[in-house]
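Please open the model in your viewer and keep the selection tool ready.

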Amino acid sequence: MGRVVVEVMPKPEILDPQGKAVVGALPRLGFTQFSGVRQGKRFELEVDGEVTPEILAAAQEAAATLLSNPVIEDVVSVTDASAEVTDAAVNA
Amino acid sequence: MSATQPTPAVATPGIGGARIGVITFPGTLDDRDAARAVRLAGAEAVSLWHADASLQDVDAVVLPGGFSYGDYLRAGAISRFAPAMAAVVDAAKGGMPVLGICNGFQVLTEAHLLPGSMVKNDHLHFVCREQAMIVENAHTAWTNEFRRGQRITIPLKNQDGQFVADERTLDELEGEGRVVFRYDGWNPNGSRRDIAGITNDRGNVVGLMPHPEHAVEAGFGPASEEGPRSGVDGLTFFTSVLSSLVHA
């Protein structure tokens, strides 16, 4: 089984209210090292067979049309993560 | 709720036969209120289903508020691809009046009928209040019975209500008079430039976060100078569209 991972982040110029809330909470737990947090999304797209270049291209298209809104978000990566699936199976 | 429809309290003369569709998506909350507002304005409300590609020859469409698909992915993002929305996009490009309220506004931005997008409120809380705003454009299909500069009050209730767009888009909206409503007194969600609602270049598509359909009948609306719950500023959205259909 293959897997494509798509990562989406809020655009740098868009204030990220969720990230702001998280950075406010960190020092209360003693994590004073972090001056900023931005919160994004990770999508794991499963495919039955291998991740072919065609499947990767389709994932890129899905990332641009549905998984992200270009007004407020950037697609930062679309990667073949099939190896992660194999590793997990080995560890299990 | 009773199955019988309330008798229209206000009838606009000369609009006999106007049919206004109200689309229900999975997770829509305010479709019945929107249909009731349509009837109170004196038109026929037509229930439309998101999975149906036909708009049943309606004269205008309302995308009501709610949490379609639970706001999963992004507010309005999944509804945007509903079969009914393809028909709405076509009809809107042909000039049919379309009003998006709250989640409906979010669907319109996801469908690229209106620019910008909505993100989580800057204070991160759900907000529910009687919201004052100023009418900045009284020439759209949905606002032609307001006066420019008029202060109106209708309910606002949302979590992802912060309107955002890049500076160039905001300047364009301002320059072309496409900011229809601006929050007055307090910006309840951090929206850029206090924008509460916008329109397309043709003025037939309007989206806003506050809810006109909840301020259409005395006794059930927000407070006004007339007393508690007497506010009916929202009704003017629906009488405006009937007026624009008559003059179309």
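Two residues are in contact if their C-beta atoms, placed from the backbone, lie within 7 Å. The model is a predicted one.

Begin by selecting Val38(B). Leaving aside residues up to four places away in sequence, Val38(B) touches Ile20(B), Val22(B), Ala43(B), Ala45(B) and Phe238(B).

Now display the strands of chain B. Nine of them form an open sheet with mixed pairing, in the order β2-β1-β3-β4-β11-β10-β9-β6-β7. Because β2 (44-49) and β7 of chain B stand at the edges, each with a single partner strand, one side of each has no neighbour in the sheet. On average, neighbouring strands of this sheet are turned by 25° against each other, direction ignored.

Select β3 (residues 60-63) and β4 (residues 98-101) of chain B, which pair in the parallel sense over three bridges. Here Val61(B) has Val98(B) as its bridge partner. Helix α1 (residues 31-41) of chain B packs on the sheet, where it touches β1 (19-24), β2, β3 and β4 of chain B.

Move to β7 (residues 151-158) of chain B, in which six of the eight residues are buried. Eight bridges join β7(B) to the antiparallel strand β6 (residues 127-135) of chain B, and Cys128(B) stands opposite Lys157(B).

Finally, select the contact between the chains: twelve residues come from chain B and eight residues from chain A. The chain B side has five nonpolar, three polar and four charged residues.

Terms used. Residues are numbered from 1 along each chain as its sequence is written. Chains are lettered from A and ligands numbered from 1 in the order in which they are written. This is a predicted model: local features need pLDDT of at least 70, side-chain atom pairs count only at pLDDT 80 or more; totals for chains, interfaces and linings use all residues. A residue is buried if 20 or more other C-beta atoms lie within 10 Å of its own, exposed if 12 or fewer, and partly exposed in between; C-beta atoms are placed from the backbone. Helices (H or I, at least four residues) and strands (E, at least two) are DSSP runs, numbered from the N terminus. Two strands pair if DSSP finds at least two bridges between them. Ala, Val, Leu, Ile, Met, Phe, Trp, Tyr, Cys and Pro count as nonpolar, Asp, Glu, Lys and Arg as charged, and the others, Gly among them, as polar. Axes are lines fitted to C-alpha atoms, for helices over the stretch in contact, and angles run from 0 to 180 degrees between N-to-C directions.
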